[in-house]
Amino acid sequence: MEGAQENPAESGSSVPWSEEPADSARVPEVSLSEESEGCTRPLEAAPQKLCGYLSKFGGKGPIRGWKSRWFFFDERKCHLYYSRTAQDANPLDSIDLSSAVFDCKADAEEGTFEIKTPNRIITLKAATKQVMLYWLQQLQMKRWEFHNSLPAPPAAPDAALAGNGPALRPELEQEEEEQEAFLCPVKTPTELVGMAAAWQPVHAKPSALQNISLKHLGTEIQNTVCNIRGSKQTPGAGHRPPGADSPLSEEAQREEQASPPGPGAPGKDPANSPKPTPKSSLTTNLIQKAKSQSNTFPLFSEGLVRNRTAQEKVLALEQQVLMLTKELKAQKDDMEAYRTQNRFLNSEIHQVTKIWRKVAEKEKALLMKCAYLQAQNCRVESKYLAGLRRLQEALGAEAGECSGLLRQLIQEALQWEASEASAESAVLSPSAVSEYDEYGFLTVPSYEVEDLRLLAKIQVLEVHSHQLLAHEAVQRPLRERWAALGELAPSAELKQLLRAGVPHEHRPRVWRWLIRLRVQHLQAPGCYQELLSRSQACKHPAARQIELDLNRTFPNNKHFTCPTSGFPDKLRRVLLAFSWQNPTIGYCQGLNRLAAIALLVLDEEESAFWCLVAIVETIMPADYYSKTLLASQVDQRVLQDLLLEKLPRLTAHLGQRHVDLSFITFNWFLVVFADSLISNILLQVWDAFLYEGIKVVFRYALAIFKYNEEALLRLQDSLEIYQYLHFFTKTICDSRKLMHIAFNDMNPFPMKQLRQLRAAHRERLQAELNELEQLKAEYLETRAAQGPSATEGCPSEDEGDAEP
């Protein structure tokens with residue numbers, strides 16, 4: 001056979017099938033098989049192959065018992081194959097060691113150990129304790145080699161998959177040193193393991209009938225035929241190593257895939273398990289000792305014969321000393337056996353824990369690689385769609401074959417259902433795209449202009465790409481920090497966490513705490529229910545306007561558009577209660593969206609009501625939502641000053657084209673970006689806004705212009721700029737980039753400067769309003785002084801109607 005070695009004695013018998021092909025892939029061989037004083041290594045090397053005869057407990061009925069089997073380890077698959085003899089061509093079965101654990105039995109026959117896989121337990125017995133420990137240590141090391149030989153995915157997205165062969169040797173040497181801390185490597189029993197063991201007489205070989213495997217009878221017959229033919233052929237012909245060329249028998253495959261063994265499986269049920277003569281335990285020895293003292297030495301019993309001679313007494317005492325010496329030796333042997341078992345089990349626990357950690361790291365790396373590849377796929381698709389959009393803009397309405405092909409490609413690109421994409425990618429994606437996000441907002445924005453549908457799809461691909469890349473690198477550590485935070489209290493750490501965004505599962509709890517921090521001096525038991533009762537008893541003047549705005553609240557959110565949803569009714573009650581809570585405001589357009597955001601996150605009417613109270617009465621300035629909107633107008637002028645300071649180039653560009661940004665930004669401040677930003681960025685803004693206040697709105701307003709500065713500078717026409725400003729906030733996909741601009745690039749941003757600007761602009765605006773009021777009063781006085789004379793000579797409408 002390929003790679004087989006000829007018998008050194010050149011006998012006519014076949015060479016053991018367990019020899020591996022010479023050209024097969026191998027990991028570096030590491031041996032823990034030598035032993036010397038102080039656990040240091042002698043110079044002699046261990047056999048290259050892990051193979052040898054072991055007794056395996058199995059069978060049924062009268063042939064149940066120990067059977068001699070030839071075992072051979074295949075490094076490529078991390079399987080331990082076994083056959084009846086070393087000369088058999090096909091293995092009877094194999095044991096998958098990649099997920100197996102090992103156990104040695106101190107209270108069983110000497111040399112007994114177990115291999116436990118998820119499907120079964122295999123009980124084996126070596127010729128001596130030394131051979132048993134050698135097999136256990138070698139199997140441990142082979143299992144470790146296998147897990148270290150698997151190439152791990154790159155931790156960084158751009159890292160290349162490289163072989164870890166050169167790095168494997170130091171890891172294995174470190175593992176050897178750690179194993180030696182628990183149990184010293186045993187000396188290699190060269191006569192009982194390795195290829196040389198194939199030519200040695202089988203230790204304690206059972207009868208021929210008992211040693212045959214009836215379960216794998218077909219394989220036994222094939223091996224017998226092969227052995228007969230092999231004696232007539234060239235040595236090694238017809239023999240293959242286990243692996244790709246030696247299929248297991250059908251019975252073996254069924255056993256490997258079978259469910260965990262029932263009560264009749266070896267090693268499971270005491271009635272069917274091997275019944276070796278147990279070693280004397282400490283308890284048994286003490287009982288036997290007590291019996292022997294009362295029976296053998298009647299000197300201490302009631303039936304003492306008084307006339308015993310001194311010689312008989314001495315003899316009895318000598319017998320007692322001899323028995324106690326034997327018992328002490330047996331107990332020392334037991335203690336040594338348990339000590340060995342304990343050390344081995346400690347080493348096994350240590351290695352299994354390390355393997356589990358390595359598997360967990362590989363799983364995490366695979367998830368990161370999967371997220372990275374999906375993010376790259378989203379980016380490629382978005383670039384393709386962006387290219388289609390640019391072609392569409394370039395061609396316009398031109399007729400022709402090229403234009404028709406372009407329309408067809410765009411139509412195919414738009415025929416995409418987010419729910420179907422989610423179902424297809426849910427198996428691989430850490431966070432698959434869905435039609436709606438966790439708060440009910442449409443993932444793909446619905447733009448009024450039909451030409452922007454392609455842009456909406458590009459946007460959702462970009463958002464998903466950023467979410468995938470940030471999932472493992474940002475979101476998971478952030479969730480761990482929030483989970484470990486415990487009791488909430490104002491601090492610099494909490495401030496940074498809120499700026500980074502609160503995870504979905506923690507947001508309701510955090511918001512309730514932030515709201516309570518703001519309105520605890522206003523809250524009173526039963527206040528919300530009392531306000532609801534008042535709104536039911538007496539209709540508020542603002543009730544009509546509230547009813548009109550309910551149907552215009554978040555048309556892109558399923559909770560407010562579904563006819564069976566209860567959110568509109570909740571929102572109505574919250575707004576009516578607030579209109580009675582603050583009669584000076586009553587209701588102002590924009591409050592419906594503030595209360596709706598609170599309802600989506602908190603899901604409770606009363607909590608949403610107090611969130612609205614916190615924003616209007618404690619966070620925003622006093623007359624922000626009054627009839628004059630004075631404070632709102634002041635903030636627009638403050639924003640213009642800050643834009644001139646932070647983004648002078650953009651401010652000059654917009655000023656030359658007479659673009660008034662307040663037409664766009666006024667609504668940002670009034671509803672805290674509720675209509676402008678995509679939901680995940682919007683709620684991240686609110687996380688910081690509820691804690692830090694209005695300064696956060698200024699920071700993000702400046703950051704939005706900085707984020708899109710280059711695109712705005714490329715636009716030269718004022719009409720184009722206004723069209724772009726109406727939807728450009730929805731194109732912001734990278735929340736981390738926007739947050740970095742807001743809280744880093746916009747620094748310094750002192751609150752003192754904000755107060756000074758507000759005070760100055762408020763004074764100027766108030767003077768302007770006073771001047772307008774004075775002009776209005778003068779005009780009314782002039783009209784009143786003119787009286788009806790102003791309309792003399794002009795026919796009235798009634799007179800006109802009276803004419804025939």
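Student: Where is F554 found?
Tutor: F554 is in the loop between helix 14 (543-550) and helix 15 (558-561). Helices (H or I, at least four residues) and strands (E, at least two) are DSSP runs, numbered from the N terminus. This is a predicted model, in which local features need pLDDT of at least 70 and side-chain atom pairs count only at pLDDT 80 or more, while totals for chains, interfaces and linings use all residues. Residues are numbered from 1 along each chain as its sequence is written, and side-chain values use heavy atoms, with hydrogens and water left out.

Student: And what is phi of F554 near?
Tutor: Phi of F554 is near 45°, a positive value in a residue other than glycine.

Student: Is the peptide bond from N747 to P748 cis or trans?
Tutor: That bond is cis, with omega near 0°. P748 has its place in the loop between helix 26 and helix 27 (751-786).

Student: Turning to the sheet, what is the order of its seven strands?
Tutor: The order is 4-3-2-1-7-6-5, in an open sheet with antiparallel pairing; two strands pair if DSSP finds at least two bridges between them. Strand 4 (93-96) and strand 5 (101-104) are the edge strands, each pairing on one side only. From one strand to the next, the twist averages 35°.

Student: How many bridges join strand 5 to strand 6?
Tutor: Four bridges join strand 5 to strand 6 (residues 112-116), and the two run antiparallel. C104 stands opposite F113 in strand 6.

Student: Which strands does helix 1 lie across?
Tutor: Helix 1 (residues 129-149) lies across strand 1 (51-58), strand 2 (65-74), strand 3 (79-83), strand 5 and strand 6. Helix 1 runs at about 165° to strand 5. Axes here are lines fitted to C-alpha atoms, for helices over the stretch in contact, and angles run from 0 to 180 degrees between N-to-C directions. Contact means heavy atoms within 4.5 Å.

Student: Now the helix packing. At what angle do helix 12 and helix 22 pack?
Tutor: Helix 12 (residues 507-519) and helix 22 (residues 679-692) pack at about 30°, and their axes are 9 Å apart. That makes helix 12 roughly parallel to helix 22. Angles under 35 degrees count as roughly parallel, over 145 as roughly antiparallel, 65 to 115 as roughly perpendicular and the rest as oblique.

Student: Which residues of helix 12 and helix 22 meet?
Tutor: From helix 12, R507, W511, W513, L514 and R518 meet L683, Q684, W686, D687, F689, L690, Y691 and E692 of helix 22. These residues divide into eight nonpolar, one polar and four charged. Ala, Val, Leu, Ile, Met, Phe, Trp, Tyr, Cys and Pro count as nonpolar, Asp, Glu, Lys and Arg as charged, and the others, Gly among them, as polar.

Student: How do the axes of helix 11 and helix 22 cross?
Tutor: The axes of helix 11 (residues 492-500) and helix 22 come within 7 Å and cross at roughly 150°. The two helices are therefore roughly antiparallel to each other. L494, K495, L498, R499 and A500 of helix 11 meet Q684, D687, A688, Y691 and E692 of helix 22. By class, this contact has five nonpolar, one polar and four charged residues.

Student: What about helix 13 and helix 18?
Tutor: The axes of helix 13 (residues 527-537) and helix 18 (residues 605-619) come within 10 Å and cross at roughly 90°. That makes helix 13 roughly perpendicular to helix 18. C527, Y528, L531 and L532 of helix 13 make the contact with E605, E606, F609 and W610 of helix 18.
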